[in-house]
Amino acid sequence: MTMSEKILAAHAGQPSVKPGDTVTCKVDWGVCHDMFFNVDGQDIYKNVTHLDHPEKCVIMIDHAVLAPTTRDAQGAVYAREFCKKHNIVNFFDVGDHAVIHQLLVERSFAAPGKLIAGGDSHTCAAGALNCAARGFGPADMTYVLCTGETWYQVVPTILYKLTGKLPEGCSGKDVFLYIAGVYGDVTGMTVEFGGEGVAGLTISQRQSIATMCAEINAEFAVFPCDDRATGFLKARGDKEIIPVEPDQNAEYYDVREVDLSKLEPYVAKPHFIPKNCVPVKEAEGLPIQQIVVGSCSNGRIEDLQTVADILKGKHIAPGVRVIVTPASQRIYLEAVKNGIVETLAEAGCVVTNASCGCCYGGHMGLIGSGERCLATTTRNFKGRLGSPDSEVMLCGPATAAASALKGVITDPRKI
């Protein structure tokens, strides 16, 4: 079996599973953020009278921090009332918050062998730490919260076998954009990563890749638990670490080799991602009005440090707005303490509170008609960040910083 198949089998209480099987699994964590509580017509959670396993529920305020509308504020009220009513202790309110996918990693919910059901499409991000996680809609998540279980269809797995090491100017985001550009959509498939190249990827880079796999419609996105991951888990305070490894004779739908040493910075062109990503040199010179650094894809200290290193002692180009949004309150605090926030502010950036921010088109950075935004966020749908007559392009943090200095899309290797 593959890693994801082993995790599903274990949680279904079965010796093995194979593609095509449908299994009912007990989940380790059912996770929802504030948007779960303010979706019109999807508020069946209000009728819930009992949760079988409130200790398995994780709720946080992350998308609308601070609440930009009355509706968002009321959704947060419903979330707090729900947690109080059902004795949910794993509740993370404003001030102790993080973007859902960063929170799962910071607070030890994401761990090897775990099965996580989340009320957000990018829940596959947790797979960076050798667990199986995917998103569900409001009705399914209500069922998960009530019962502690849900069903899965076992799907075929694609293995991305990584070799080599990333060159200067490239990040985990560039790895994903390359994969998405070359191979495209994987609907109805799980993706797993292996090969000697994984060892050279930081946990932050693995998070970025796993998060973005939602954009090619992967069911799960799972990394192995190697020495680097084990070191991270021990530093985090984990006492019991039980890695899940694929069998040597695991069956894959396809095995795709990616030589990381041959990659270069990439960008996703506007409106969609699969088969729509190109090397940054093919987009160089395009003027941009706004740059966003942050989100569950690239809002960690490593990303912020990359941007700060490039911008230190310089100033962003006239006519460009640069918005930096940390992925958690803890990251924000670390960025303040080590001088990153000061460096970014001196360069002309706006550093916001930790939140999903403008990534989901909510607040703190929407764009107007005719504007182009270059972002390290997760999606570039038409109208994603505001006007339907605007454009959103995606990139890694180094490309974002280099472009901020020039006011046009710029290859970071030239700075």
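1. If you want a spot to look at, find Gln 290, which stands opposite Cys 373 in S17. Bear in mind as you read on that this is a predicted model.

2. On its other pairing, S17 is joined to strand S18 (residues 391–395) by four bridges, and these two strands run parallel as well. Here Arg 372 stands opposite Glu 391 in S18.

3. So what about the faces of S17 (residues 372–375): covered or open? Both are covered. Arg 372 and Leu 374 are buried on one side, and Cys 373 and Ala 375 are buried on the other. Note that Arg 372, the residue opposite Glu 391, is among those buried ones.

4. Zooming out, these strands belong to an open sheet of seven, in the order S13-S12-S18-S17-S14-S15-S16, with mixed pairing. The edges are strand S13 (277–279) and strand S16 (350–351), each of which pairs on one side only.

5. Now the helix pair. Helix H9 (residues 301–311) and helix H12 (residues 397–406) have axes that come within 9 Å and cross at roughly 30 degrees. Angles under 35 degrees count as roughly parallel, so H9 is roughly parallel to H12. The crossing of H9 and H12 is right-handed.

6. Which residues make the contact between H9 and H12? From H9 come Asp 303, Thr 306, Val 307, Ile 310 and Leu 311. They meet Pro 397, Ala 398, Ala 401, Ala 402 and Leu 405 in H12. By type, the contact residues split into eight nonpolar, one polar and one charged.

7. One more helix deserves a look: how many of the 10 residues of H6 (residues 203–212) are buried? The count is 10 of 10. The buried set takes in Ile 203, Ile 209, Ala 210 and Met 212, but also, among others, Ser 204, Gln 205, Arg 206 and Gln 207.

Technical notes:
Residues numbered from 1 in each chain as written. Predicted model: local features only at pLDDT ≥ 70, side-chain atom pairs only at ≥ 80, totals over all residues. Heavy atoms only, no water. Buried < 20%, exposed > 50% of the residue type's maximum accessible area, 1.4 Å probe, protein only. Pairing = 2+ DSSP bridges. Axes fitted to C-alpha atoms, helices over the stretch in contact; angles between N-to-C directions. Parallel < 35°, antiparallel > 145°, perpendicular 65-115°, else oblique. Left-handed = near helix turned anticlockwise from the far one by under 90°. Contact = heavy atoms within 4.5 Å. Nonpolar A, V, L, I, M, F, W, Y, C, P; charged D, E, K, R; others polar.
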